[in-house]
Amino acid sequence: MMTQTVLSSVQRAHAERNLPRYTSYPTAVAFDAAQVTQAPDWFAKTRPEDHLSVYVHVPFCRRLCWYCGCHTSIAHTYERVGTYADVLAREIDLTARRLGEHDGLAHLHFGGGSPNALSPSDFKRMVAQLKTAFRVRPGAEIAAELDPGMLSDAFVDATGEAGVTRVSLGVQTFDPTVQALVNRVQPFEQVAAAVERLRAVGVGGLNFDLMYGLPGQTVENVYASAKTAVALRPDRIAVFGYAHVPWMKKHQTMIQETDLADIDGRWAQADAADAALTEAGYVRIGLDHYALPDDPLSRAAAEGRLRRNFQGYTDDPAPVLVPIGPSSIGQFREGFVQNLTPTDAWAARIARDELPLGRALAFSNEDRLRAAVIERLMCDMTVDVAAICEAHGFSTDHLAGSLASLAAIEVAGLCALDGAVVTIPEDARRLMRVVAAAFDDRLPATVTRHATAV
């Protein structure tokens, strides 16, 4: 049964704060073009025991959804996408040559945009090349984010032939009125058929993305969409709040702010989705993910092995994330890297046989410490700050200032302090970014690049 919590005035003020999602620390806002010169050396410093995770960005869609915050564009003919695929192939070989010794590819993730903007043959070619170039390991996860409304039978067959093990479908909502308002019409029958076909070709893991806060959404239709989603029994479901940032994504001007719920309405919609999913037996994972109890993500969360990276929550322990494609972000022991975002600049750099890096950020020991605290908060909802300080070679009271700043947040009920142990109560789960932000010493006083905390 659907129950709704009511925000206090203090909680509402925190919920309206503009905060990062903390898929990384430091966040991408801190990346710097001036640090790119040192980043190529990081590729060469991988270790023989390192498993690799590879992220491939496909910056094309066959339709533009008004809510989208991704780096993507519409290709009106396939020639542009095909040319991109050819350049991507050169980047794969270039990057593989620049890496040091490693122990092979453990996790491959295609994101976008929509990877099914690629032709089935180009997609299979990319997967095969990546497997060879980075020496795929037995049992590696090969995942792709796909648009179910533009998913052909031929592409589904290609996922099976390529050995894709997990697919994430961008469902967002099943309500036809909301779908029309965001330019993403995909009837339930179409999504259900895609699910059936993907399972038939051997895709063993299925994820759904759902959203709240879209124009026209209500508590009732969010709840109904989530109930409809669980009828198809995906293994994992992520529930994201729509981020209205038309100053960054111009197509979002197609969405009228008067059609959007206020912060209390967004909170109630998130409550509705949560109720539908937990009633169906899904386990809450971190900030906004849900999984079936026997899913590897649920097991990782229960065992304290849950991780958070640029793809969200994961059980992938690989210490190196390799970026492929424009705007892709990678991670090495030494720091973060991000490829150039403009596709022409990215391609020109590859044509010169140079890694197409646009920004980077070298880690300091302080960054590593704070990243560890923030990741455990975002994954486990509890952290022993003193123990992590000690493990990173700092005094146990090194983050005393951050702990002191949590006093007001504790009064608001968003966390509990027991010495240096910080715990986020279950009913404050959705505001965990507020608690994490106390340990972010790079957070600007005024932030406009991030969406609200709820």
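**From one residue to the whole chain**

Student: Where is Glu-375 found?
Tutor: Glu-375 is found in helix 12, which covers residues 365-380; helices here are DSSP runs of H or I with at least four residues, strands are runs of E with at least two, and both are numbered from the N terminus. Keep in mind that this is a predicted model, in which local features need pLDDT of at least 70 and side-chain atom pairs count only at pLDDT 80 or more, while totals for chains, interfaces and linings use all residues. Residues are numbered from 1 along each chain as its sequence is written, and side-chain values use heavy atoms, with hydrogens and water left out.

Student: And is Glu-375 buried or exposed?
Tutor: Glu-375 counts as buried because its relative accessibility is 16%, where buried means under 20% relative accessible area, exposed over 50% and partly exposed in between, with a 1.4 Å probe and protein chains only.

Student: What does Glu-375 touch?
Tutor: Leaving aside residues up to four places away in sequence, Glu-375 touches Arg-307 and Arg-308, a contact being heavy atoms within 4.5 Å.

Student: Switching to Gly-286, which loop holds that residue?
Tutor: Gly-286 lies in the loop between strand 9 (283-285) and strand 10 (289-291), and Gly-286 is buried, with a relative accessible area of 5%.

Student: What touches Gly-286 there?
Tutor: Not counting residues up to four places away in sequence, Gly-286 touches Tyr-313, Met-378, Arg-429 and Met-432.

Student: How about Leu-361, buried or exposed?
Tutor: Leu-361 is found in strand 16, residues 357-362, and counts as buried at 2% relative accessibility. The residues that Leu-361 touches, apart from those up to four places away in sequence, include Pro-26, Phe-31, Trp-42, Phe-336 and Arg-442. Leu-361 and Val-337 are 24 residues apart in sequence, and their C-alpha atoms are 6.6 Å apart in space.

Student: Which strand does strand 6 join by 6 bridges?
Tutor: That is strand 7 (residues 205-212), which runs parallel to strand 6, and two strands pair if DSSP finds at least two bridges between them. In this pairing Gln-172 stands opposite Leu-210 of strand 7. Strand 6 also pairs in the parallel sense with strand 5 (residues 136-146) over 4 bridges, and there Glu-145 has Ser-168 of strand 6 as its bridge partner.

Student: Zooming out, how many helices and strands are in the chain?
Tutor: The chain has 16 helices and 19 strands. Its radius of gyration is 21 Å, close to the 22 Å that the globule rule gives for 454 residues, so the chain is as compact as a globular protein of that length; the radius is taken over C-alpha atoms, and the rule is 2.2 Å times the number of residues to the power 0.38.

Student: What share of the chain counts as buried?
Tutor: Of the 454 residues, 55% count as buried. Among contacts in the chain with a separation of 6 or more, 75% come from residues 24 or more positions apart.
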